[in-house]
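Subject: Structure handover

Hello,

Here is the structure for your files. Notes on what was found in it follow below.

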Amino acid sequence: MILLLLAAGRGSRMEGYTDNINKCLLIVNDFPIIHYSLKIAKTLPITKAIIVVGYQAEKVIEYINLGTWPFPIEFVFQNEQKGIVHAMQKAFPLLNEDVLLNLSDEILIKSNINSMIESFYKDKPDFICGVMHNCSAKKIQKAYSITLNEDGKITKVLEKPEFPQNSICGTGYCIFKHDILKYLYNVPLNVIRNQYELCDYINLLIQKNKTGYTYNVGEELININTIDDLNIIKDKFRKSSMKMNYEK
């Protein structure tokens with residue numbers, strides 16, 4: 001399985017914090033945000049990592065090249081940031097296996113990603129969307145909602161829903177079979193956001209009768225999109241023993 005880690009975005013909602021630095025390099029508990037994704041990746045059955053870079057790419061590459069990784073790493077450039085699917089399209093020529101998608105601005109606490117991968121190969125769906133359960137409407141409104149049928153199959157996802165219909169919150173941790181990646185190029189441009197969006201790709205897969213399930217990714221996941229998000233995760237580290245879990 002290939003890790004596809006997206007680290008190209010600037011973080012335009014970070015109110016000046018990212019004027020000279022990529023959001024994924026902002027420090028949380030002594031480490032850049034991207035450190036936490038790579039720390040988890042070290043524990044996974046990954047054959048290689050493809051990291052999509054763009055804004056302040058040289059600094060991101062420099063940081064990653066300072067580390068020692070149990071898998072080879074290749075970098076892909078997304079010079080114009082036009083959404084998650086656009087980044088996946090840029091990486092597509094290197095994606096010759098099943099793919100674990102991960103966003104570099106997410107910090108996951110007490111990861112279940114290993115067991116999520118095991119479930120993927122055991123149950124053999126076309127894709128899995130990693131989720132958090134029992135989430136507030138406010139949290140889901142910042143991410144995406146997921147609708148399931150009585151068999152637990154995903155029937156619809158919705159980006160930033162105004163009125164979430166349940167307490168399931170989608171995350172950037174998703175697994176896709178290699179043979180459905182070709183549909184990335186069928187995803188239409190979202191004319192409102194001028195981006196090619198993950199939810200549109202997932203809904204396209206559903207329309208093509210591809211089977212997708214959800215899997216709980218861990219104890220807690222925070223997607224750092226704003227200064228408030230950054231302060232929340234910093235505060236959690238200060239108030240808990242999580243700092244012990246993320247030593248180098």
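**Helix H6 and its surroundings**

Helix H6 is followed by Asn-209, whose phi is positive, near 65 degrees. Helices here are DSSP runs of H or I with at least four residues, strands are runs of E with at least two, and both are numbered from the N terminus. This is a predicted model, in which local features need pLDDT of at least 70 and side-chain atom pairs count only at pLDDT 80 or more, while totals for chains, interfaces and linings use all residues. Residues are numbered from 1 along each chain as its sequence is written, and side-chain values use heavy atoms, with hydrogens and water left out.

H6 is mostly covered, with 8 of its 10 residues buried. Buried means under 20% relative accessible area, exposed means over 50%, and partly exposed is in between, using a 1.4 Å probe and protein chains only. The buried residues of H6 are Leu-198, Cys-199, Tyr-201, Ile-202, Asn-203, Leu-204, Leu-205 and Ile-206. They pack against helix H3 (84–91), strands E6 (99–103), E8 (127–132) and E9 (144–148), and also E10 and E11. Contact here means heavy atoms within 4.5 Å.

Two residues from these partners were looked at individually. Ile-84 is found in H3 and counts as partly exposed because its relative accessibility is 24%. Not counting residues up to four places away in sequence, Ile-84 touches Leu-6, Leu-101, Leu-103, Tyr-196 and Leu-198. Ile-84 and Leu-101 are 17 residues apart along the chain, and their C-alpha atoms are separated by 9.7 Å. Thr-155 is found in strand E10 (residues 154–159) and, at 36% relative accessibility, is partly exposed. Leaving aside neighbours within four places in sequence, Thr-155 is in contact with Thr-147, Leu-148, Asn-149 and Ile-206.

**Aromatic pairs**

The structure holds 6 aromatic pairs. Rings of Phe, Tyr and Trp (its six-membered ring) pair if their centres lie within 6.5 Å; planes under 30 degrees apart count as stacked, over 60 as edge-to-face and the rest as tilted. One of the pairs is Phe-176 with Tyr-201: the ring centres are 5.2 Å apart and the planes are at 55 degrees, so the pair is tilted. Phe-176 lies in strand E11 (residues 169–176) and Tyr-201 in helix H6 (residues 198–207), so the pair ties together parts that are 25 residues apart in sequence. Phe-176 is buried, at a relative accessible area of 0%, and Tyr-201 is buried at 0%.

Ring pairs also link Phe-31, Tyr-36 and Phe-237 into a cluster. Phe-237 is found in helix H7 and counts as buried, at 4% relative accessibility. Phe-237 and Lys-82 are 155 residues apart in sequence and 32 Å apart in space, C-alpha to C-alpha.

**Helices H1 and H2**

Helix H1 (residues 33–41) packs with helix H2 (residues 57–65) at an angle of about 45 degrees, their axes being 11 Å apart. Axes are lines fitted to C-alpha atoms, for helices over the stretch in contact, and angles run from 0 to 180 degrees between N-to-C directions. H1 and H2 are therefore oblique to each other; angles under 35 degrees count as roughly parallel, over 145 as roughly antiparallel, 65 to 115 as roughly perpendicular and the rest as oblique. The contact is made by Ile-34, His-35 and Leu-38 of H1 and by Val-60, Tyr-63 and Ile-64 of H2.

**Loop residues**

Asn-225 is found in the loop between strand E13 (218–223) and helix H7 (227–239). Asn-225 is buried, with a relative accessible area of 13%. The side chains of Asn-225 and Asn-223 are joined by a polar contact of 3.0 Å (a pair of N or O atoms within 3.5 Å; within protein, one must be able to donate a hydrogen and the other to accept it, and residues adjacent in sequence count only if both atoms are side-chain atoms). Apart from neighbours within four places in sequence, Asn-225 is in contact with Arg-13, Met-14, Lys-23, Asp-105 and Lys-142.

Two other loop residues have positive phi. Lys-160, in the loop between E10 and E11, is not a glycine but has a positive phi of about 45 degrees. Asn-194, in the loop between E11 and H6, has a phi near 55 degrees.

Regards
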